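The stops below are to be selected in turn.

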Amino acid sequence: MSRFSAITDNPHDGRFNHKTGILVTNLGSPDAPTAKALRVYLAEFLSDPRIVEIPRLVWLMILHGIILRVRPKKSAKAYQSIWTENGSPLVHISQQQTDKLAKLIKDNGFENTEVVMAMRYGNPSIEAGLEALRGKGLTRIIVLPLYPQYSSPTTGSTFDAVANVLKKWRWVPELHFINGYHKNPLYIEALANSIAQDLAANGTPQKLVFSYHGMPKRFLDNGDPYHCLCQQTTRLVVQKLGLDESLVETTFQSRFGKAEWLKPYTDATLASYPEQGIKDIAIISPAFSADCLETLEELEEENREIFEHAGGEKYRYIAALNDRDDHINALFDVIKPLL
């Protein structure tokens with residue numbers, strides 16, 4: 001049996017065409033908010049060498065001997081607090097984004113396209129998404145990870161997953177991989193619009209916090225550009241809105257383990273504000289294209305409690321861009337030159 005697969009034994013049977021397939025990806029979610037489902041999901045997620053860069057054997061012993069025995073139950077409770085009748089918010093919103101992007105592409109005259117959504121971890125998998133596109137006879141694929149700011153653990157890991165599938169195919173398609181869009185003008189405009197709408201409705205806070213997902217500082221030290229790309233996104237949004245720079249602070253959330261992560265930390269920053277007289281804040285997380293555990297539970301609930309417990313009085317989270325029309329327009333603008 002050949003190690004390479006194909007959808008036909010005869011490449012001249014007319015099943016192949018010049019339509020373009022677009023694979024829209026995001027991080028992923030467990031299939032259910034249960035300890036059992038979390039154990040499966042976390043085992044896949046935390047086994048990725050892009051996520052945890054310590055000696056493999058040592059880490060796998062820690063992962064399977066300690067973490068997967070303790071963390072699934074705790075994580076399940078967090079997921080239960082955000083789970084909806086549609087299931088995982090991240091998966092549901094990502095599908096809404098994909099459907100609206102597909103419609104926008106067709107409405108702009110690009111009829112020969114197919115758009116499929118996939119998750120880096122969990123379901124629907126990247127392999128399933130790519131196989132769905134291959135099954136339609138497409139020989140040209142655009143991969144669009146919904147991570148505006150490139151990082152090795154997110155965008156880099158997505159490339160690995162795509163490559164691991166394609167290296168098993170006999171006929172490898174023409175491939176275009178989007179590695180980020182942190183300064184795309186329409187993405188910046190969409191973020192600015194969402195903030196402007198909040199300010200118009202609720203007034204200007206004492207601080208506007210841009211909270212990005214964190215990563216170990218050693219990633220930055222070893223050459224990962226993510227930290228710099230986040231700072232650039234903040235600067236461009238501030239410039240677009242014409243805000244005073246003193247109003248804005250960029251922080252990093254979701255740290256895990258004992259190693260030093262990118263600073264300043266979101267939770268520690270929020271805890272320090274009230275003693276500085278800052279008791280009215282708004283917070284947004286531009287690194288997340290769709291609301292998920294890290295926004296709906298960590299920012300909306302956990303960090304709100306931290307701020308209020310420290311003496312904060314007004315706290316509001318500005319939602320992720322999700323399936324806003326201006327966000328979908330930005331995603332279309334990112335891939336349009338490749339269509």
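Contact here means heavy atoms within 4.5 Å. The model is predicted.

Select Val-165 to begin; this residue belongs to helix 5, which spans residues 152-166. Is Val-165 buried or exposed? With a relative accessible area of 5%, Val-165 is buried, since buried denotes values under 20%. Once neighbours within four places in sequence are set aside, the contacts of Val-165 are Glu-127 and Leu-130.

Because Phe-159 is in helix 5 and Phe-177 is in strand 4 (residues 174-177), the pair ties together parts 18 residues apart in sequence. Phe-159 is partly exposed at 40% relative accessibility, and Phe-177 is likewise partly exposed, at 23%.

Proceed to Phe-307 and Tyr-315, whose ring centres are 5.9 Å apart with planes at 45°; the pair is therefore tilted. Both Phe-307 and Tyr-315 are buried.

Then select Tyr-41, Phe-45 and Tyr-121, which together make up one aromatic cluster.

The last stops concern charges over rings. Arg-71 is placed over the face of Phe-256, 4.4 Å from the ring centre. At Tyr-265, the charged end of Arg-255 sits over the ring, at 3.9 Å from its centre.

Note on methods: Residues numbered from 1 in each chain as written. Predicted model: local features only at pLDDT ≥ 70, side-chain atom pairs only at ≥ 80, totals over all residues. Heavy atoms only, no water. Helix = DSSP H or I, 4+ residues; strand = E, 2+ residues; numbered from the N terminus. Buried < 20%, exposed > 50% of the residue type's maximum accessible area, 1.4 Å probe, protein only. Phe/Tyr/Trp six-rings, centres within 6.5 Å; stacked < 30°, edge-to-face > 60°. Lys NZ or Arg CZ within 6 Å of the ring centre and 35° of its normal.
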